[in-house]
Amino acid sequence: MNKVWMFEVLDYHKRLIPLSTLPLLLLLIVGVTLLVYTTGGIKYVYSHSMYVPIVLSGLIFGWKGGLLAGMLGGLALGPMMPIDVAANEMQATKNWLYRTGFFTLIGFLSGLVSDGARSYIHYLKWLSEQDSESGLPNRLALFRRLTELSHEKKNGDVLFLVVISFENGVELKSSFGYGVIVEAVIQMDKKLRRRLQAQEVYRTGTEQLTLLIKEDERKLNAVLYGLAEDLNEPFQYKNIYVHLDTRMGCVELNELDESSETYLQRAEAALVVAQEKVQDSVIYSPDILSAARENVTLLGELKSALSSGQVSMHYQPKIHIPSSEVHSVEALMRWNHPTRGNIPPGAFIPRAEQSTLINRITEFALDQAMQQQLAWQAAGIHLPIAVNVSTRNLLQPGFSDKVREMLDHYGLKGETLELEVTEGALMLDMQRTLDELMRLDDLKIIISIDDFGTGYSSLQYLHRLPISLLKIDQCFVRRLPGDAGAAHILEAAITLAHKMGIQAIAEGVETLEVYDFLSGLGCDLAQGYLMSKPLPADEYTRWYQQCNGRYACWGGL
């Protein structure tokens, strides 16, 4: 390891070291010559000291330097150097010629060793900065290049780092094998160089390319748009045209006064936002990284928050409009952080839904709801409690079995529990979702479709689902009654629900005017701040008991 380090130092300072060591090596040759002469001549062992400057010359200057040093050392201890200074006995010609030849050979061999080691180090360095599959420079090469650029003058050019991710890489590999990714990288590289006139392209991940481009800041968006168009063109793999989904994150390199890793981190942070917002490209801004850190930090703290009592469930009633009675209640999660205060669900639930944590969160919500159901039953309150269910939950093997086990554990019937499933979740894997919902329906659990009207469910599947409630999203409800379009959508959704033999519920009801309008449309249920905001369990119990389970006692009707 130390030998490799020595050769790396020699190679790194390959210009400075020879210039500074040349006088020293010459002095060593002269010094050894004087040492041999003053100690009595060649017959004493001091002549072997000449190997030091010869070997050093070979190591520093290569085989040519070693060869020259060997010849100089041989001549210095050659015809003018006596065997015995005191007796003035001179050497035979063949003796000093043989010694010179041996010195020259040693210098040549040491130089060959040095040149070979240096070449091997160059190869290892090249190999460490090269992607062997595509032939493109890799992440290490990018970092080295950014370090070089930090020492160069930009001459007014604005540099940008652009990270490109292959979004459907897993799908492509599962369909065609790993070779399709390598081919995609190679063809994308050609497209990028053609579009950007051969600016620098690096492969910084299995399914990620990174560009270094010089561009006018005012034209950057146009350049990124052009890149997106090129990258979205299909590429050919084994005579098949294949589509590649890409997203881009971009960051300006400004004065390059920070580490190379920092700039790549920022570009990748912008890439994450592009992925989340389903945009072709996003340009980095400081708030992106702070938001990303906030999300990751919150997720890191969430598991312990669930077990330490920071997270609790609040409950909001659903009112049966014709009778004004409380029909059921929805359990909504609240996080009271010890330093951040109240964290709204929108700050952590959407991100948690993209992670495996959502299974833990849903299990926590179900457990809390079932415990509360037992407490309310003991107090004479018998209401189904609704819990929101994520896409990942329905696709998790054994989810319905887990729900059944929890119901059995608490001794509850299925009809005491309602599961709200978002409309968009239904379409990710319709058959698996349908199978899981059918198992839940067999347990007599109430199933409702949440946020209806905002997703992309197909009516051809809707009638097959074992649902009891259609929950119309609040984005339509809040536009009532003045927005004719929203009113038509509400009316159509209510009619559809009734035709299917299920009830319609409108969420986000905040005014009596909207409540009355929904009643006129024949809507079955209403939920919103007009009746009650989400309340902690104890407060909800008092609210329910004070109004005797009817919204009318609060003067709303």
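Me: Let's start with S312: what is its place in the fold?

Reply: S312 sits in strand β10, which spans residues 311-320. Strands here are DSSP runs of E with at least two residues, helices are runs of H or I with at least four, and both are numbered from the N terminus. Keep in mind that this is a predicted model, where local features need pLDDT of at least 70 and side-chain atom pairs count only at pLDDT 80 or more, while totals for chains, interfaces and linings use all residues. Residues are numbered from 1 along each chain as its sequence is written, and side-chain values use heavy atoms, with hydrogens and water left out.

Me: Why does S312 count as partly exposed?

Reply: Its relative accessibility is 29%. Buried means under 20% relative accessible area, exposed means over 50%, and partly exposed is in between, with a 1.4 Å probe and protein chains only. So 29% puts S312 in the partly exposed class.

Me: And which residues does S312 touch, not counting those up to four places away in sequence?

Reply: L332, M333 and R334. Contact means heavy atoms within 4.5 Å. E415 is another story: S312 and E415 are 23 Å apart, C-alpha to C-alpha, and 103 residues apart in sequence.

Me: What about N336, is it buried, exposed or partly exposed?

Reply: Partly exposed, because its relative accessibility is 47%. N336 is found in strand β11 and touches Q310, G341 and N342, leaving aside residues up to four places away in sequence.

Me: How do you know that the charged end of R266 sits over the ring of Y263?

Reply: The distance from the ring centre is 5.7 Å. The rule asks for NZ of Lys or CZ of Arg within 6 Å of the ring centre and within 35 degrees of the ring normal.

Me: Why are α10 and α12 called roughly parallel?

Reply: The axes of α10 (residues 286-308) and α12 come within 11 Å and cross at roughly 25°. Axes are lines fitted to C-alpha atoms, for helices over the stretch in contact, and angles run from 0 to 180 degrees between N-to-C directions. Under 35 degrees is roughly parallel, over 145 roughly antiparallel, 65 to 115 roughly perpendicular, and the rest oblique. So α10 and α12 count as roughly parallel. L299, L302, K303 and L306 in α10 meet L357, R360, I361 and F364 in α12.

Me: What about α14 and α15, at what angle do they pack?

Reply: At about 20°, with the axes of α14 (residues 399-410) and α15 (residues 430-442) 9 Å apart. That angle therefore makes α14 roughly parallel to α15. F399, S400 and V403 of α14 make the contact with E436, R439 and L440 of α15.

Me: Is S324 buried or exposed?

Reply: Buried, because its relative accessibility is 6%. S324 lies in the loop between β10 and β11 (325-337), and its phi is near 65°, a positive value in a residue other than glycine.

Me: And N239, buried or exposed?

Reply: Exposed, because its relative accessibility is 70%. N239 is in the loop between β6 (235-237) and β7 (240-242) and has a positive phi of about 65° although it is not a glycine. Most residues other than glycine have a negative phi, and most peptide bonds are trans.

Me: Which residues does a cis peptide bond join?

Reply: L480 and P481, with omega at about -5°. P481 is in the loop between α17 (474-477) and α18 (484-499).
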